[in-house]
Amino acid sequence: IIMFVTFQSKKLRTICESMHEANEIFGDKVASRLRSRLSDLSVTDNILLLPVGSPEVCFEDGEECITITILGDVKMGFVCGNTVQPKNQDNTINWSRVSRIRLVFIGDVK
């Protein structure tokens, strides 16, 4: 099973699909690292085991999400995209069983 990534907004999709757009908004270094993280995500089956980007669970606007560091303090945030969220006994998301994630922000871009 590989990770399936969707996008919260058309703007985020455009940034992730267009090298030019990402470079315009974030500069070459962050844009290049963003492409690397997206590539890493496309071949993982557990976002928490991503060997780069220091994935961590947090809450953004009251919703459980995972952030991945792109470069410095620029992070990208994902929420569970599974139709039925796999849950742990404490009612948090069991991220090891999530196969669909939705990108909700990159830095302060939503």
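**A tour around glutamate 21**

Select glutamate 21 to begin: leaving aside residues up to four places away in sequence, glutamate 21 touches Thr14 and Ile15. The model on screen is predicted. Glutamate 21 lies in helix H2. With a relative accessible area of 31%, glutamate 21 is partly exposed, because that class runs between 20% and 50%.

Next, select helix H1, residues 10-17, together with H2. The two pack with their axes 5 Å apart and at an angle of about 105°. H1 is therefore roughly perpendicular to H2, as angles of 65 to 115 degrees are classed that way. Show the side chains at this contact: on the H1 side are Lys11, Thr14, Ile15 and Glu17, and on the H2 side they meet Met19, Glu21, Ala22, Ile25 and Phe26. These residues of the contact of H1 with H2 comprise five nonpolar, one polar and three charged.

The crossing of H2 and H3 is right-handed.

To see what meets at this second contact, pick Met19, Ala22, Asn23 and Phe26 in H2. Their partners in H3 are Asp28, Val30, Ala31, Leu34 and Arg35. Here the residues of the contact of H2 with H3 split into six nonpolar, one polar and two charged.

Technical notes: Residues are numbered from 1 along each chain as its sequence is written. This is a predicted model: local features need pLDDT of at least 70, side-chain atom pairs count only at pLDDT 80 or more; totals for chains, interfaces and linings use all residues. Side-chain values use heavy atoms; hydrogens and water are left out. A crossing is left-handed if the near helix is turned anticlockwise from the far one by less than a right angle, and right-handed if clockwise. Helices (H or I, at least four residues) and strands (E, at least two) are DSSP runs, numbered from the N terminus. Contact means heavy atoms within 4.5 Å. Ala, Val, Leu, Ile, Met, Phe, Trp, Tyr, Cys and Pro count as nonpolar, Asp, Glu, Lys and Arg as charged, and the others, Gly among them, as polar. Axes are lines fitted to C-alpha atoms, for helices over the stretch in contact, and angles run from 0 to 180 degrees between N-to-C directions. Angles under 35 degrees count as roughly parallel, over 145 as roughly antiparallel, 65 to 115 as roughly perpendicular and the rest as oblique. Buried means under 20% relative accessible area, exposed over 50%, partly exposed in between (1.4 Å probe, protein chains only).
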